[in-house]
Amino acid sequence: NHYAKEMILSEVKKSIRYGPKVDLFACGMTFAELYFDIDECSVPVEYIRDIIDEQIEKCNKVVPPEFDLMIKLLLDDPKKRLSAHEALRHPYFATN
């Protein structure tokens with residue numbers, strides 16, 4: 001299970017509601033786990049972010065489209081996270 005921070009907070013603060021961007025966070029986690037061939041379920045998002053950062057360093061800080069998509073799907077702030085429409089229009093899908 002991949003829980004966006006707003007879902008964890010919703011247990012504490014009842015004014016936070018489930019929304020579509022929670023699903024986009026889960027998609028970002030699943031995409032990263034498949035891309036990086038991570039066998040474990042429920043790895044922390046920080047672990048995924050560290051892997052992405054390491055890969056970007058290897059690319060001389062040029063961010064490939066797949067990493068850019070993961071980063072934008074894994075943002076903690078759901079208001080800044082990509083919507084499904086934005087994700088499907090991302091350059092990653094234009095190049096693959």
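Figure 1. R49 is partly exposed, as its relative accessible area is 23%, where buried means under 20% relative accessible area, exposed over 50% and partly exposed in between, computed with a 1.4 Å probe on protein chains only. The model is predicted, and local features therefore need a pLDDT of at least 70, side-chain atom pairs count only at pLDDT 80 or more, and totals for chains, interfaces and linings use all residues. Residues are numbered from 1 along each chain as its sequence is written, and side-chain values use heavy atoms, with hydrogens and water left out. R49 forms a salt bridge with D76, with the closest N and O atoms 2.9 Å apart, the term standing for a side-chain nitrogen of Lys or Arg within 4 Å of a carboxyl oxygen of Asp or Glu. This pair links distant parts of the chain, since R49 belongs to helix α3 and D76 to the loop between α4 (65-73) and α5 (84-88), 27 residues apart; helices are DSSP runs of H or I with at least four residues, numbered from the N terminus. D76 is partly exposed, with a relative accessible area of 31%.

**Figure 2. The salt bridge between K72 and D68 in helix α4.** The structure holds two salt bridges, and one of them joins the side chains of K72 and D68 at 3.0 Å, N to O. Both residues lie in helix α4, four residues apart, which is about one turn of the helix. An α-helix has 3.6 residues a turn, so residues three or four places apart point the same way. K72 counts as partly exposed, at 32% relative accessibility.

**Figure 3. Helix α3 and its buried residues.** With 14 residues, α3 reaches 20 Å from its first C-alpha to its last, close to the 20 Å expected at 1.5 Å a residue, the expected span being 1.5 Å times one less than the number of residues. V45, I48, I51, I52 and I56 are buried in α3. They cover an arc of only 135° around the axis, which puts them on the same side of α3, the arc being that of the directions from the helix axis to the C-beta atoms. These buried residues of α3 pack against α2 and α4, where contact means heavy atoms within 4.5 Å. α3 is followed by N60, whose phi is positive, near 55°.

Figure 4. D37 lies in the loop between α2 (20-35) and α3 (45-58), and has a positive phi of about 55° although it is not a glycine. Most residues other than glycine have a negative phi.

**Figure 5. Aromatic rings around Y35.** F31, Y35, F36, F67, Y92 and F93 form one aromatic cluster; rings of Phe, Tyr and Trp (its six-membered ring) pair if their centres lie within 6.5 Å, planes under 30 degrees apart counting as stacked, over 60 as edge-to-face and the rest as tilted. By this rule the count comes to six aromatic pairs. Among them, Y35 and F36 are edge-to-face, at 5.1 Å centre to centre and 85° between the planes. The rings of Y35 and F67 have their centres 5.6 Å apart and their planes at 85°, so that pair is edge-to-face. It links distant parts of the chain, with Y35 in helix α2 and F67 in helix α4, 32 residues apart.

Notes: Helix = DSSP H or I, 4+ residues; strand = E, 2+ residues; numbered from the N terminus.
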